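Here is a walk through one model, from its charged pairs to its open space. Keep the sequence and the 3D view side by side.

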Amino acid sequence: MDTTRQLARHVLAAWLDDVPDDVRHEARRALVNFVGCALGGSTHSAMDIAIRALGPYTGLPTAIAIGRAERYDPLFASLLNGISSHVHDYDDTTPANYIHPTSPVASALFAYASVTPVRGDDFLNAFILGFDVVSRIGNATYPAHYDAGWHSTGSVGVFGAAVAVGRLLGLTEEQMVWAIGLAATQAAGIREMFGSMAKSFHPGRSAQSGYMAALLAREGFTSGVHGLEGPRGFAAVLSARYDLSKVTDGLGTDYELRVNTYKPFPCGIVTHPTIDACIQLRAEHAIDAADVDAVRLRVAPLVKDLCDKKHISRGLEGKFSAYHAAAIGLGRGRAGLAEFSDEAVNDPLLRGLRERVESIGDPAVSEDGVVVEVTLKDGRTLTKVLEASIGNLKRPLTDAQLETKFRDQATVLPADRVDALIARCWTIDGLDDVGPLLALAVPAA
């Protein structure tokens with residue numbers, strides 16, 4: 001059977017009762033993390049700009065965008081949810097393909113659920129299916145698709161949003177095939193945008209486009225039926241090498257949520273080892289930034305490819321700078337939202353530290369590892385070899401840490417509302433309707 005049709009058939013046949021408990025819990029973790037990140041990014045200037053630019057052209061204001069008091073049409077709310085949840089680069093990541101799968105899928109689903117009653121178990125089932133589709137298509141096309149310059153969160157995320165919303169809409173098998181095809185023809189997002197607002201546009205646009213694909217398919221808007229596997233389909237056109245068996249093998253048995261990770265730092269995941277190691281070095285040796293003469297990083301080649309920005313002036317650029325990662329770890333001993341602000345990037349102390357950092361790509365270093373050598377002005381050299389950074393698969397964040405991260409970001413809401421919202425997220429599959437959960441995510445006007 002063709003990959004597109006097999007995927008469509010699976011999405012329509014899968015039920016939450018068949019999903020193992022550990023996968024359901026991981027799905028709840030992903031949604032707790034997502035809602036916290038969307039609240040944290042809801043007041044970012046990228047959101048205000050998007051609303052100012054596009055708000056006048058949207059439809060009836062019926063839908064909720066997480067963390068905003070205004071109402072929007074559901075498609076625009078999907079876009080805004082995607083921007084807010086990703087603009088701080090704090091959302092989850094699957095290290096096998098460097099996709100942020102939750103943002104495009106949950107952004108569309110929550111926008112849909114804010115205008116249409118949806119049972120919590122149906123919502124969670126649709127989310128798990130959408131997440132799995134995103135990561136599986138990402139696995140099938142990685143690394144060639146990513147190496148070519150595509151940002152898979154945008155170019156692959158659209159498929160997850162389409163099938164997740166399509167499942168809630170009750171599409172037929174043929175309609176789901178069309179939805180996947182309509183998603184394929186809207187696949188977009190390029191890595192050149194990293195370090196700018198446009199990066200957060202990728203999951204937002206993929207959420208919006210996937211939602212649109214499902215709506216069009218429901219009304220009979222056709223697409224080619226080989227959107228994934230066709231000779232001019234998604235895989236062949238956008239990836240020099242691919243293995244579509246990774247899309248369908250183990251469907252309903254092997255769940256991609258089991259290899260999802262949650263960020264302790266709001267920046268590109270490949271800089272986390274550097275931050276972690278430098279924070280540890282500073283704490284272990286009471287390092288003063290003024291005493292640092294030079295810093296030498298040995299990092300995986302991918303880190304050099306993604307995060308080699310040294311001369312930066314914007315906070316968003318700092319999220320993709322291994323040099324800034326080392327500077328904040330050594331200079332401040334922390335890496336919160338404040339460390340990736342415009343102010344921090346232009347802090348003379350951190351700027352001076354960045355200038356003293358050298359980064360070397362080393363194939364012997366894993367993408368979750370780093371070797372940091374700090375030479376002090378008194379001649380001593382301090383070394384930290386880190387093989388697994390905090391937040392990744394070998395050192396995952398706990399549920400309690402995810403809640404702390406949520407509370408740190410949810411400053412647009414009063415504390416009692418935050419507690420209630422977290423509780424609803426943890427019990428989402430038991431809700432009669434997801435709407436009241438979303439109502440808790442709306443701040444006072």
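Is arginine 136 buried or exposed? At 2% relative accessibility, arginine 136 counts as buried. Buried here means under 20% relative accessible area, exposed means over 50%, and partly exposed lies in between (1.4 Å probe, protein chains only).

A word on the ground rules. This is a predicted model, in which local features need pLDDT of at least 70 and side-chain atom pairs count only at pLDDT 80 or more, while totals for chains, interfaces and linings use all residues. Residues are numbered from 1 along each chain as its sequence is written, and side-chain values use heavy atoms, leaving out hydrogens and water.

Stay with arginine 136. Its side chain meets that of aspartate 132 in a salt bridge, 2.9 Å from N to O. The term covers a side-chain nitrogen of Lys or Arg within 4 Å of a carboxyl oxygen of Asp or Glu. Both residues sit in helix H6 (residues 120–141), four residues apart, so about one helical turn separates them. Helices are DSSP runs of H or I with at least four residues, numbered from the N terminus. Aspartate 132 is buried too, with a relative accessible area of 6%.

Now look across the sequence. Aspartate 399 and arginine 29 form a salt bridge at 2.6 Å, N to O. Aspartate 399 belongs to helix H20 (residues 399–409) and arginine 29 to helix H2 (residues 21–41), so the pair ties together parts that are 370 residues apart in sequence. Arginine 29 is buried at 6% relative accessibility. Aspartate 399 is partly exposed, at 27%.

Arginine 68 and glutamate 70 make another salt bridge, with 3.2 Å between the closest N and O atoms. Arginine 68 is buried at 10% relative accessibility, whereas glutamate 70 is partly exposed at 35%. Salt bridges also link up: Arg332, Arg334, Glu339, Glu343 and Asp347 form a network. The whole structure holds 28 salt bridges.

The largest pocket holds about 210 Å³. A pocket is an open set of points on a 1 Å grid over the protein atoms alone, where a 1.4 Å probe fits, with protein on both sides within 12 Å along at least five of seven lines. The volume is the space filled by probe spheres set on the points, which are joined across faces, edges and corners.

What lines the largest pocket? There are 14 lining residues, with His44, Gly315, Leu316, Phe340 and Asp342 nearest the centre. Lining residues have an atom within 4 Å of a point. By class, five are nonpolar, six polar and three charged.

Terms used: Ala, Val, Leu, Ile, Met, Phe, Trp, Tyr, Cys and Pro count as nonpolar, Asp, Glu, Lys and Arg as charged, and the others, Gly among them, as polar. Helices (H or I, at least four residues) and strands (E, at least two) are DSSP runs, numbered from the N terminus.
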